Amino acid sequence: MTIAPASTRTDISPLLAIIYRPLIRGYFGAAAFYYVVFTLIHIMGHSGAELPPIIIASITASLVFGFSWYALRNAIPITSLH
(Lines give C-alpha, C1' and ligand atoms only; values in the text may rest on other atoms or scores of the structure.)
Protein backbone atom coordinates (compact mmCIF):
# COMPACT_ATOMS: atom_id res chain seq x y z
CA MET A 1 0.00 0.00 0.00
CA THR A 2 1.40 3.36 -1.06
CA ILE A 3 0.73 6.47 0.96
CA ALA A 4 0.88 9.78 -0.87
CA PRO A 5 3.54 12.20 0.30
CA ALA A 6 2.54 15.35 2.13
CA SER A 7 1.76 18.27 -0.11
CA THR A 8 4.27 21.08 -0.20
CA ARG A 9 2.03 23.47 -2.13
CA THR A 10 0.69 26.57 -0.46
CA ASP A 11 -3.00 26.43 0.42
CA ILE A 12 -4.67 29.19 -1.60
CA SER A 13 -8.18 28.70 -0.23
CA PRO A 14 -7.99 31.70 2.15
CA LEU A 15 -6.75 33.90 -0.67
CA LEU A 16 -9.59 32.79 -2.94
CA ALA A 17 -12.10 33.56 -0.20
CA ILE A 18 -10.70 37.08 0.12
CA ILE A 19 -10.76 37.62 -3.65
CA TYR A 20 -14.24 36.22 -4.29
CA ARG A 21 -16.04 37.79 -1.30
CA PRO A 22 -16.63 41.19 -2.96
CA LEU A 23 -17.77 39.51 -6.18
CA ILE A 24 -20.24 37.26 -4.40
CA ARG A 25 -21.45 40.14 -2.24
CA GLY A 26 -22.09 42.20 -5.38
CA TYR A 27 -24.03 39.31 -6.91
CA PHE A 28 -26.17 38.95 -3.79
CA GLY A 29 -26.87 42.69 -3.74
CA ALA A 30 -27.89 42.74 -7.41
CA ALA A 31 -30.06 39.64 -6.99
CA ALA A 32 -31.79 41.12 -3.93
CA PHE A 33 -32.50 44.35 -5.82
CA TYR A 34 -33.79 42.35 -8.81
CA TYR A 35 -36.24 40.39 -6.67
CA VAL A 36 -37.44 43.50 -4.82
CA VAL A 37 -38.19 45.19 -8.15
CA PHE A 38 -39.90 42.13 -9.54
CA THR A 39 -41.96 41.73 -6.37
CA LEU A 40 -43.41 45.17 -7.07
CA ILE A 41 -43.93 44.31 -10.74
CA HIS A 42 -45.68 41.05 -9.80
CA ILE A 43 -48.02 42.92 -7.45
CA MET A 44 -49.07 45.20 -10.30
CA GLY A 45 -49.18 42.53 -13.00
CA HIS A 46 -50.83 39.50 -11.39
CA SER A 47 -54.08 38.97 -9.61
CA GLY A 48 -56.22 36.20 -8.18
CA ALA A 49 -54.94 32.87 -6.96
CA GLU A 50 -51.60 33.14 -8.75
CA LEU A 51 -50.54 36.28 -6.86
CA PRO A 52 -49.78 34.91 -3.34
CA PRO A 53 -47.36 32.12 -4.40
CA ILE A 54 -45.48 34.43 -6.75
CA ILE A 55 -45.23 37.17 -4.13
CA ILE A 56 -44.17 34.76 -1.38
CA ALA A 57 -41.46 33.23 -3.58
CA SER A 58 -40.22 36.64 -4.70
CA ILE A 59 -40.14 38.09 -1.18
CA THR A 60 -38.40 34.98 0.15
CA ALA A 61 -35.73 35.19 -2.55
CA SER A 62 -35.18 38.90 -1.95
CA LEU A 63 -34.83 38.35 1.80
CA VAL A 64 -32.40 35.45 1.39
CA PHE A 65 -30.24 37.42 -1.03
CA GLY A 66 -30.50 40.55 1.12
CA PHE A 67 -29.43 38.77 4.29
CA SER A 68 -26.61 37.03 2.39
CA TRP A 69 -25.42 40.39 1.08
CA TYR A 70 -25.55 41.82 4.61
CA ALA A 71 -23.70 38.83 6.09
CA LEU A 72 -20.75 39.36 3.74
CA ARG A 73 -20.28 43.04 4.65
CA ASN A 74 -17.18 42.48 6.81
CA ALA A 75 -13.98 40.81 5.74
CA ILE A 76 -13.47 37.30 7.08
CA PRO A 77 -10.30 36.94 9.20
CA ILE A 78 -7.76 34.63 7.59
CA THR A 79 -7.40 32.62 10.79
CA SER A 80 -11.07 31.57 10.74
CA LEU A 81 -10.94 30.28 7.15
CA HIS A 82 -9.22 27.03 8.06
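Residues 24 or more positions apart account for 71% of the contacts in the chain with a separation of 6 or more, a contact being heavy atoms within 4.5 Å. The model is predicted: local features need pLDDT of at least 70 and side-chain atom pairs count only at pLDDT 80 or more, while totals for chains, interfaces and linings use all residues. Residues are numbered from 1 along each chain as its sequence is written, and side-chain values use heavy atoms, with hydrogens and water left out.

The chain has two helices and zero strands; these are DSSP runs numbered from the N terminus, with at least four residues of H or I for a helix and at least two of E for a strand. Of its 82 residues, 16% count as buried, where buried means under 20% relative accessible area, exposed over 50% and partly exposed in between (1.4 Å probe, protein chains only).

Phe-28, Ala-31, Ala-32, Phe-65 and Leu-72 make up the largest nonpolar core, that is, a set of buried Ala, Val, Leu, Ile, Met, Phe, Trp, Tyr and Cys residues joined through side-chain atoms within 4.5 Å. H1 gives the most to this core, with three residues. Beyond its neighbours within four places in sequence, Phe-28 is in contact with Phe-65, Ser-68, Trp-69 and Leu-72.

The whole structure holds six aromatic pairs. Rings of Phe, Tyr and Trp (its six-membered ring) pair if their centres lie within 6.5 Å; planes under 30 degrees apart count as stacked, over 60 as edge-to-face and the rest as tilted. Phe-28 and Phe-65 form a tilted pair, 5.9 Å centre to centre with 40° between the planes. This pair links helix H1, which holds Phe-28, to helix H2 (residues 51–71), which holds Phe-65, across 37 residues. Tyr-34 and Phe-38 form another tilted pair, at 4.5 Å and 40°. Both lie in helix H1, four residues apart, about one turn of the helix. Ring pairs link Tyr-27, Phe-28, Tyr-34, Tyr-35, Phe-38 and Phe-65 into a cluster.

Tyr-34 and Phe-38 also belong to a nonpolar surface patch with Phe-33, Val-36, Val-37, Leu-40, Ile-41, Ile-43 and Met-44, with about 870 Å² of accessible area together. Tyr-34 is partly exposed at 42% relative accessible area, and Phe-38 is partly exposed at 31%. Met-44, in helix H1 (residues 13–45), is exposed at 67%.

How values were computed. Patches are made of residues with over 30% relative accessible area and no salt bridge: like charges are joined within 9 Å, nonpolar side chains (Val, Leu, Ile, Met, Phe, Trp, Tyr) within 5 Å. Accessible areas come from the Shrake-Rupley method with a 1.4 Å probe; for residues, only the protein chains shown count as cover. A salt bridge is a side-chain nitrogen of Lys or Arg within 4 Å of a carboxyl oxygen of Asp or Glu.
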